[in-house]
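I'll jot down what I look up as I go.

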Amino acid sequence: MNIFRKISVAAAVAAVMASATAASAQKKITPVDTDPTKPPQPVLHYYDKHGNPLEEPVLFLADLDTVTNVKSGPVYPLLQSASIGVNFFDGVMLLAGQKHASFDVWASLSLHNWFEPVVEFGVGFADNKPEEGNFHYKGKPSFYGKIGLNYNFLYKSNPDYQVYLGLRGGYTSFKYDITDITINSSYWGQSNTFSILNQSAHALYGEVLAGIKVKIWKELSMGWNFRYKFKFNSSNGANSTPWFIPGYGTKSPLSASFSLIYTLPLSKPKVAEDDNAGEYGKEIPADK
């Protein structure tokens, strides 16, 4: 009987120890609390969203990847703004002694502050007696038009400032007179003078341009751009070759424009985002 009693006591002790071990194991694997309503904890970051090291670590309220989680695509509405400009560069050049000019007004529509369709309409004229020539050229005031597109490299930044490349296609049909054409005869020792009047021609040309736009006061801005021009197709007069093409200029392939611009916003202004915190949450000091 004593033997059986000892065996029963040992079995009871073993059962109690097994129960205690199981309870201890179960307690160790208790799952971590994952309450979705619990507010996020600040996370210390050492790099900005471009992967550049910060001067001092910064705490953020969201644990997001500061390198790969960069916002892509447009950040402004489709219809961002509409602008109208007046190009007066050739007016300044006339004051400096230039003998031809093209004045135009233009309008554009900003799409996402990224792409900007543009139309330009203007009048060009000339009145010059070239030093290297033997004639007096009078280009009658004639209309020209251009259409094109600008690409804004700062499409994620403040719309008041732009750095852009653009393309234009232009067309004009114009008239001109060439007077005081002088031909000297060394044999006869005489000079003959005559004129070629009412000449008509047309031109189709393109432009590649680079420019900037900066805000100066409220909705007013200034814009500068430089243009490289090339002809697609052009005609001559019945008995002459035009010296000046409205909207294109003379022989030089380079030109410029200088515009005063009024911009009408079509959407609510967007607050510019900080490089270190704008896309990742509210910034708080690291020592708090």
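**Entry 1**

I started with Glu207, which counts as buried at 1% relative accessibility. My rule for that word: buried means under 20% relative accessible area, exposed means over 50%, and partly exposed is in between (1.4 Å probe, protein chains only). Before going on I noted that this is a predicted model, where local features need pLDDT of at least 70 and side-chain atom pairs count only at pLDDT 80 or more, while totals for chains, interfaces and linings use all residues. I also noted that residues are numbered from 1 along each chain as its sequence is written, and that side-chain values use heavy atoms, with hydrogens and water left out.

**Entry 1: who pairs with Glu207?**

Side chains of opposite charge can pair when their charged atoms come close. I call it a salt bridge when a side-chain nitrogen of Lys or Arg is within 4 Å of a carboxyl oxygen of Asp or Glu. Arg227 makes one with Glu207, with 2.7 Å between the closest N and O atoms. Arg227 sits in strand 9 and Glu207 in strand 8, 20 residues apart, so I wrote this down as a link between distant parts of the chain. Strands here are DSSP runs (E, at least two residues) and helices are too (H or I, at least four), numbered from the N terminus. Arg227 is buried as well, at 8% relative accessibility.

Lys146 also meets Glu207 in a salt bridge, at 2.8 Å from N to O. This pair links strand 6, which holds Lys146, to strand 8 (residues 190-217), which holds Glu207, across 61 residues. Both Glu207 and Lys146 are buried.

**Entry 2: the rest of the network**

Next I looked up Arg168 and Glu120, whose side chains form a salt bridge of 2.8 Å, N to O. Arg168 is in strand 7 and Glu120 in strand 5, 48 residues apart. Are these two buried or exposed? Arg168 is buried at 8% relative accessibility, and Glu120 is buried with a relative accessible area of 2%. The salt-bridge count comes to six. Through shared partners, salt bridges join Glu120, Lys146, Arg168, Glu207 and Arg227 into one network.

**Entry 3: rings**

Then I went after aromatic pairs: rings of Phe, Tyr and Trp (its six-membered ring) with centres within 6.5 Å, called stacked if the planes are under 30 degrees apart, edge-to-face if over 60 and tilted for the rest. I get 13 aromatic pairs by this rule. One of them is Tyr137 with Tyr176, stacked at 5.2 Å centre to centre with 20° between the planes. Tyr137 is in strand 6 (residues 136-152) and Tyr176 in strand 7 (residues 162-185), so the pair ties together parts 39 residues apart in sequence. Tyr137 and Tyr176 are both buried. I also found one aromatic cluster made of Trp114, Phe115, Tyr151, Phe153 and Tyr155.

**Entry 4: Tyr248**

What lies over the face of Tyr248? It is Lys229, at 4.7 Å from the ring centre. The rule for a charge over a ring is NZ of Lys or CZ of Arg within 6 Å of the ring centre and within 35 degrees of the ring normal. Tyr248 is in the loop between strand 9 (220-234) and strand 10, and is buried with a relative accessible area of 8%. Setting aside neighbours within four places in sequence, Tyr248 is in contact (heavy atoms within 4.5 Å) with Tyr205, Lys229, Phe230 and Lys231. The C-alpha atoms of Tyr248 and Tyr144 are 9.1 Å apart, though 104 residues separate them along the chain.

Asn113 has a positive phi of about 60° without being a glycine. I found Asn113 in the loop between strand 4 (100-111) and strand 5 (115-128), buried at 2% relative accessible area. Asp180 in strand 7 also isn't a glycine, and its phi is positive, near 55°. Asp180 is partly exposed, at 35% relative accessible area.

**Entry 5: the whole chain**

Last, I zoomed out. The chain has two helices and 11 strands. Of its 288 residues, 32% count as buried. Among contacts between residues at least 6 apart in sequence, 62% join residues at least 24 apart.
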